[in-house]
Amino acid sequence: MLMDLFDRLFPINRSITGNGVRETLHILGECAPIRQREFPTGTVCFDWTVPKEWNVRDAYVKDGQGRTLIDFKANNLHLMGYSKPFRGYVSRNELMEHLYTKPDLPDAIPYVMSYYREDWGFCVEHRRLPEFTDDWYEVVIDSDLEDGHMTIGEGFIRGSSDREILLSTYVCHPSMAINELSGPLVQTMIYRALKDRKDLKYNYRFLYLPETIGSLLYLSQHGDELVAKVDAGYVVTCVGHGEAFTYKKSKRGDTLADKAALHVLKQSGKPYKVVEWNPFGSDERQYCSEGFRLPVGSLMRTMYGEYPEYHTSLDNRSLISEQVLQETVDMYLALIETLEANETYVCTHIHGEPKLDKRGLYPYTGGTRTPEQKLRILQTTHLIAFSDGQRDLMDIAETLNLAGKDMKEAALQLVEHGLLRNVRTSSELQTAAGKRD
Amino acid sequence: MLMDLFDRLFPINRSITGNGVRETLHILGECAPIRQREFPTGTVCFDWTVPKEWNVRDAYVKDGQGRTLIDFKANNLHLMGYSKPFRGYVSRNELMEHLYTKPDLPDAIPYVMSYYREDWGFCVEHRRLPEFTDDWYEVVIDSDLEDGHMTIGEGFIRGSSDREILLSTYVCHPSMAINELSGPLVQTMIYRALKDRKDLKYNYRFLYLPETIGSLLYLSQHGDELVAKVDAGYVVTCVGHGEAFTYKKSKRGDTLADKAALHVLKQSGKPYKVVEWNPFGSDERQYCSEGFRLPVGSLMRTMYGEYPEYHTSLDNRSLISEQVLQETVDMYLALIETLEANETYVCTHIHGEPKLDKRGLYPYTGGTRTPEQKLRILQTTHLIAFSDGQRDLMDIAETLNLAGKDMKEAALQLVEHGLLRNVRTSSELQTAAGKRD
Amino acid sequence: MLMDLFDRLFPINRSITGNGVRETLHILGECAPIRQREFPTGTVCFDWTVPKEWNVRDAYVKDGQGRTLIDFKANNLHLMGYSKPFRGYVSRNELMEHLYTKPDLPDAIPYVMSYYREDWGFCVEHRRLPEFTDDWYEVVIDSDLEDGHMTIGEGFIRGSSDREILLSTYVCHPSMAINELSGPLVQTMIYRALKDRKDLKYNYRFLYLPETIGSLLYLSQHGDELVAKVDAGYVVTCVGHGEAFTYKKSKRGDTLADKAALHVLKQSGKPYKVVEWNPFGSDERQYCSEGFRLPVGSLMRTMYGEYPEYHTSLDNRSLISEQVLQETVDMYLALIETLEANETYVCTHIHGEPKLDKRGLYPYTGGTRTPEQKLRILQTTHLIAFSDGQRDLMDIAETLNLAGKDMKEAALQLVEHGLLRNVRTSSELQTAAGKRD
């Protein structure tokens with residue numbers, strides 16, 4: 001299923017605007033409902049403006065003998081993103097000014113774009129430069145670059161509270177695999193797994209955006225709502241390759257998003273590394289800007305810039321694996337279960353320990369116990385001892401080196417017996433604190 | 001002396017109530033005055049209630065031929081603690097339902113009790129189960145389980161201030177050695193060493209309690225007084241075995257009790273490990289509960305649960321050593337000297353350094369000095385430099401890797417010269433801060 | 001130049017008062033203007049008093065045959081500092097009471113003084129003691145110890161702000177090299193390098209003091225001014241020997257002085273070690289006393305007490321190297337450039353990232369960039385992301401493992417474009433905080 005979807009989506013010519021985005025969202029929408037929203041060229045997003053819409057029918061470069069040297073239809077990376085319409089004969093020198101290669105990776109077509117200055121260009125494997133021996137070339141770019149719309153996709157699942165978890169990925173990259181088809185695929189699988197759940201505490205928002213301009217647009221329209229509601233968010237990108245997970249922290253670095261991700265990774269026993277927030281990355285750059293300071297990190301595998309094929313045609317199907325994609329879906333779902341289960345309690349009985357045996361929560365007689373009994377006793381006693389209205393389930397679980405979500409049942413049992421009282425989710429506390437005045 | 005006392009106390013059938021406790025306190029009271037206090041069955045201690053009083057005259061199990069298979073008089077661990085009176089012939093199946101063994105330690109009689117649900121039982125070495133081949137058995141438990149009293153012991157030494165140090169141990173375990181005769185023995189040796197001192201700053205309270213129910217009872221009667229007065233406390237348990245010391249922190253983790261214990265252990269040069277507070281343990285569970293948050297840790301050797309013979313008949317004389325017991329007494333006394341010496345000073349001369357030579361505190365002429373002179377100069381200069389009303393003697397000593405108590409003389413000399421002024425003990429500061437609202 | 005100066009200054013008989021100090025300051029004053037200030041005997045400096053002025057014409061010890069055994073003119077360390085006038089014949093026993101040697105370094109003349117108790121003495125190599133076989137000796141100390149003045153030197157460079165950087169060294173040590181001619185030499189080279197600069201932000205104050213009594217005097221006269229103005233200061237001492245740098249922190253430990261020194265040392269790639277403030281040292285003991293709490297550390301090489309020749313005649317020219325002196329001058333100048341460049345900015349654009357390409361701060365088209373372009377982009381994006389009014393240039397540079405001063409150009413460019421606004425130097429914040437009430 002995942003790789004079928006991949007194969008349907010891979011060839012589409014996506015960019016920050018255009019029909020490729022719409023088609024991509026339409027196909028993903030077969031798995032879970034994605035609302036497509038259109039914003040006209042010229043829409044102001046803080047310091048930025050939605051550019052013209054770009055669509056391409058055809059593009060090629062032919063040599064003097066009419067042989068096609070570069071063909072957009074063979075690989076849409078051959079055409080520089082946002083190339084304006086062009087048709088004419090150009091000299092070798094002029095062509096070379098518009099030709100991009102990657103000398104350190106001679107077999108790769110580099111991924112180049114010029115969204116905000118009208119220009120045209122082609123990208124080609126560096127090793128193929130010797131083929132360009134003629135003096136003159138026919139260049140055809142049959143594209144539209146005109147006022148139109150930018151498309152963003154949005155999915156939503158309603159939970160029982162007014163708090164929200166945000167997942168955000170981007171759909172503006174043409175035919176590449178790790179960065180970026182893996183993100184929309186994994187996000188959609190998460191969305192699909194949750195969409196029919198009736199027991200969710202959180203609302204879930206799934207954004208499919210053109211990178212940077214899309215998150216700026218969304219923030220300019222809904223930023224204050226996100227600040228008011230979002231307890232944790234993650235940018236889903238680069239999730240298709242690599243043994244280890246990579247967690248990039250939010251800028252604040254100590255948000256619920258960070259705490260939960262680090263807790264779940266640690267408890268998973270899988271290899272992972274942690275990267276501090278920095279302004280080289282994806283939409284967490286915008287979500288975490290000082291005007292919003294949203295609790296948004298990014299849970300990845302091998303990340304952008306960390307593999308040689310990054311932003312070239314070599315970032316293709318051969319690099320990604322269904323197993324890695326699925327394992328990442330599962331890790332996100334574990335993270336979500338952790339957030340769903342997480343609560344902060346206060347023990348109602350503060351003078352010494354409450355008597356547990358008379359409530360059936362502890363055996364009357366000392367003696368041998370099953371491992372399950374021992375585990376539950378450990379959970380019960382630690383929940384009672386440490387539930388002080390400050391520590392949440394994850395904190396208390398970590399004193400036992402357990403996963404927070406696995407403490408839920410014991411906690412609910414103590415709530416039933418009136419020994420724990422739910423204070424409020426720790427997340428509500430922090431959202432207020434995170435907002436910049 | 002220590003082992004003579006041990007040998008007199010070991011065979012007594014102690015439990016959380018009964019004459020065994022009284023006899024134990026009476027014998028310990030030969031070393032230092034211990035007041036016995038009686039609380040009637042039914043006394044409410046928060047969520048708990050003082051149970052009936054239990055006393056045993058005899059208990060045995062005989063087989064069909066009249067051979068005694070289990071005899072309480074041979075080892076009081078054979079009888080499950082708080083076994084109700086019983087007399088009758090029972091089938092093999094019925095007997096097995098009341099027979100406790102420890103399969104992973106087949107030579108050990110396990111220690112089992114049922115304080116809060118009336119029942120009867122016997123405990124036996126697992127390897128002896130094949131002896132139980134008959135169909136019928138005579139079971140006799142000649143015990144009383146009736147309304148009576150729970151006994152606690154209390155000792156007190158008055159010092160010159162109204163601040164208090166608390167030591168607490170428990171006297172409810174029958175014939176075992178590490179856990180628990182070592183605690184009452186060591187605590188009594190400390191008490192004896194201090195009882196005639198006239199120079200003590202602190203008051204000292206020594207509690208001998210039945211575990212859990214005893215500390216709950218004491219807290220229910222005197223908890224607020226302890227909160228108001230106690231600067232540091234320690235649960236004295238598991239102090240008879242092992243090379244290394246173990247310090248279990250108080251729940252707050254940064255109290256004067258913790259600071260002093262860690263300081264003294266570090267300066268002692270002896271091996272030790274540190275354990276965070278957790279709700280598996282002894283009476284520090286009650287003292288540190290949120291309603292009291294007392295500064296009570298526990299300075300142990302090999303601790304409960306960390307040795308295989310724990311809570312069995314194999315925890316006997318062969319495991320403990322007089323040397324370990326005495327070394328622990330000495331460490332507690334060093335800790336007490338540290339607390340006695342510890343003060344927080346403020347240097348009265350804050351504009352540059354005071355001139356020490358004109359006060360006879362520094363040699364006039366540069367040149368070679370004895371090691372003693374050098375050490376005193378180091379102490380004097382550091383006391384002057386760092387006495388800021390925040391750092392106490394232990395803090396300043398640690399900048400020189402010295403023991404706080406060894407700085408006392410230099411400090412008093414500076415007080416005499418008017419260069420240091422005593423602010424107040426650092427402990428007074430923290431007690432106020434520790435109380436939960 | 002440095003070693004020429006060294007050779008002229010080395011033989012002068014410096015002490016805490018006297019013509020040796022004046023002559024030293026006069027020679028150093030050839031490099032940069034040093035104002036000599038005179039304070040009369042009896043001037044009170046807090047707990048201390050300026051002593052009599054001491055000058056020496058001649059001093060020697062002759063044996064019974066008239067042979068000169070000790071001659072002040074051969075090495076001024078032979079005479080105990082502040083020896084009062086004396087002339088007479090003394091027995092061997094009496095002489096020995098006034099003779100100082102250093103048994104563990106038998107070839108060294110020890111450095112001994114008695115500033116505050118009138119006495120006389122001679123210092124000699126321990127291995128020469130066997131030469132003192134006669135019964136009687138002629139002792140001549142042709143010195144003046146009379147009411148006079150103590151001399152201090154002061155240099156000043158005016159910058160554009162009212163904030164100040166303090167350098168302080170001492171000129172009271174007779175013929176020794178590391179401790180102490182290296183300090184006055186290095187400080188004077190720094191002063192000379194800065195004195196004609198017109199672009200300095202900070203004022204610079206250079207103090208040449210007799211150790212301890214000099215800084216106490218200066219603080220008693222100008223302490224409150226220093227507290228009001230000084231952002232960072234360093235005691236320049238022991239800067240002539242050793243591979244590694246040593247940074248001794250200020251007593252507060254987290255001042256701008258400490259932050260900048262540690263930042264510059266780390267970014268230099270040179271070996272260094274860090275020492276916590278302690279009351280064994282030089283004038284930072286007075287500057288950091290609780291009444292002032294000035295942000296004054298000490299950037300040294302091999303420091304006092306850490307080499308065997310310390311405070312003896314073996315601390316001479318052979319131990320120091322022009323290269324080490326010069327490297328230290330350069331490190332101090334790098335430190336000063338860092339302080340000069342350091343500012344705290346706030347990014348004026350807080351809702352998402354500002355669009356950099358339209359301001360010419362980012363290339364329009366993706367593709368290969370020069371290392372210089374990449375570096376500037378990194379600096380620009382990090383400055384925008386992290387300039388929150390709290391982090392200063394050094395903080396932001398460290399996220400890129402760069403030197404703070406190398407971020408200055410990128411920061412000024414962003415200020416020009418209105419994207420950063422200068423808040424105020426981080427130093428102004430901390431000075432206020434550091435003053436003891």
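Predicted model: local features only at pLDDT ≥ 70, side-chain atom pairs only at ≥ 80, totals over all residues.
1. Relation of chains A and C. Chain A is superposed on chain C by a rotation of 120 degrees, with 0.0 Å of shift along the axis and an RMSD of 0.0 Å. That is the relation of a three-fold axis. The residue of chain A that comes closest to the rotation axis is A:Asp254, whose C-alpha lies at 14 Å. In general, two copies of a chain are related by a rotation about an axis and a shift along it.

2. Interface of chains A and C. Here 20 residues of chain A are in contact with 18 residues of chain C. On the side of chain A that touches chain C, α5 (213-229) and α7 (284-287) of chain A each supply at least two residues.

3. Interface of chains B and C. Chain B contributes 19 residues in contact with 20 residues of chain C. Helix α9 (residues 371-386) of chain B provides four residues, the largest share of the side of chain B that touches chain C. That side of chain B comprises six nonpolar, nine polar and four charged residues.

4. A sheet in chain C. Three strands of chain C form an open sheet in the order β18-β17-β19, and their pairing is antiparallel. The edge strands, β18 (388-392) and β19 (420-422) of chain C, each pair on one side only. On average, neighbouring strands of this sheet are turned by 40 degrees against each other, direction ignored. As background, strands of a sheet pair through backbone hydrogen bonds, either parallel or antiparallel.

5. The pairing of β17 and β18. Within chain C, strand β17 (residues 344-347) pairs with β18(C) in the antiparallel sense, over two bridges. Which residue of β18(C) is the bridge partner of C:Thr344? The partner is C:Asp392.

6. The UniProt record, an unreviewed entry, places the feature "domain: DUF4910" at residues 4-342 of chain A. In the model, this span is 26% helix and 26% strand. The C-alpha atoms at the ends of residues 4-342 of chain A lie 35 Å apart.

7. On the side of chain B that touches chain C, nine residues are polar.

Technical notes:
Residues numbered from 1 in each chain as written. Chains lettered and ligands numbered in written order. Contact = placed C-beta atoms within 7 Å. Pairing = 2+ DSSP bridges. Axes fitted to C-alpha atoms, helices over the stretch in contact; angles between N-to-C directions. Nonpolar A, V, L, I, M, F, W, Y, C, P; charged D, E, K, R; others polar. Least-squares fit on C-alpha atoms with pLDDT ≥ 70 in both. UniProt positions renumbered as here; feature names shortened; annotations may be inferred.
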